[in-house]
Amino acid sequence: MIRNIIFDFGGVLYRIRYQNIPDAFAQCGIPHFEEIYSKQHQNAVMDQYEEGLISTEEFRRYIRSLASCPITDQQIDDCWNAILLGFPEEHEQLLKKVSQHYNLYLFSNTNQLNYDRFRGDMHAQFGYDLFDRYFQKCYFSQLLHIRKPKAEGFRFIIQENLLQTEETLFIDDSPQHLAGAQACGLQTFHLADGMDVTELFGEDGVLI
């Protein structure tokens, strides 16, 4: 019986589009950005930024080194945040129902620029902190200093919250992230392209 659910954020609860980042940077003199950043793969600098090992200023300097023409901080921030499409109202309604039946947690690979933008946008949209209202605890890679699929991130969450792995389901849209969860004994579900997380639950918020 599942008692706990660990949700991924972007691509599961929050709508994102990876290709928006390469498209935006191409307009600012950095073509072929998808070679260093995509859903399936990213380079070491992107990993470091998502683990909070380099600052936003250091990240901007790296991006600026790739550009063929001058690029401002605001342009970099806007291009990087172009991935963010928004939090659907139906997913907020889903969390309201699901949180009545399960202990909810969140584990997201993100970074400070995206984090600041989506938290501000979501608070403006809903008028409250959705993370505090529906989740027992949320884990963001740049604050935890561990990104998926590293197993130690999952182990930390399991141990800190005294979770029984056979009672805990991890939902993610990236197959490579499921491997780390499975290595720790968690139950997993791959939310494939074209699926919506609402399809996993009945009208009452219980897993189907």
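Contact is taken here as heavy atoms within 4.5 Å. The model is predicted, so local features need pLDDT of at least 70 and side-chain atom pairs pLDDT 80 or more, while totals for chains, interfaces and linings use all residues. Residues are numbered from 1 along each chain as its sequence is written, and side-chain values use heavy atoms, without hydrogens or water.

Apart from neighbours within four places in sequence, Trp 80 is in contact with Ile 21, Phe 25, Phe 33, Tyr 37, Met 46, Tyr 49, Phe 59, Asn 111, Leu 113 and Asn 114. Trp 80 is also, with Phe 7, Leu 13 and Phe 135, among the residues that touch the most other members of the largest nonpolar core, which has 52 residues. Such a core is a set of buried Ala, Val, Leu, Ile, Met, Phe, Trp, Tyr and Cys residues joined through side-chain atoms within 4.5 Å; buried means under 20% relative accessible area, exposed over 50% and partly exposed in between (1.4 Å probe, protein chains only). Helix α6 (residues 112–126) supplies the largest share of this core, five residues. Tyr 105, Tyr 139, Leu 163 and Leu 178 belong to a second, separate core of 16 residues.

Helices (H or I, at least four residues) and strands (E, at least two) are DSSP runs, numbered from the N terminus, and two strands pair if DSSP finds at least two bridges between them. Strand β4 (residues 103–108) is largely enclosed by the rest of the structure, because five of its six residues are buried. Four bridges join β4 to the parallel strand β1 (residues 4–7), with Leu 106 as the bridge partner of Phe 7. Four bridges also link β4 in the parallel sense to β5 (residues 137–140), where Tyr 139 stands opposite Phe 107.
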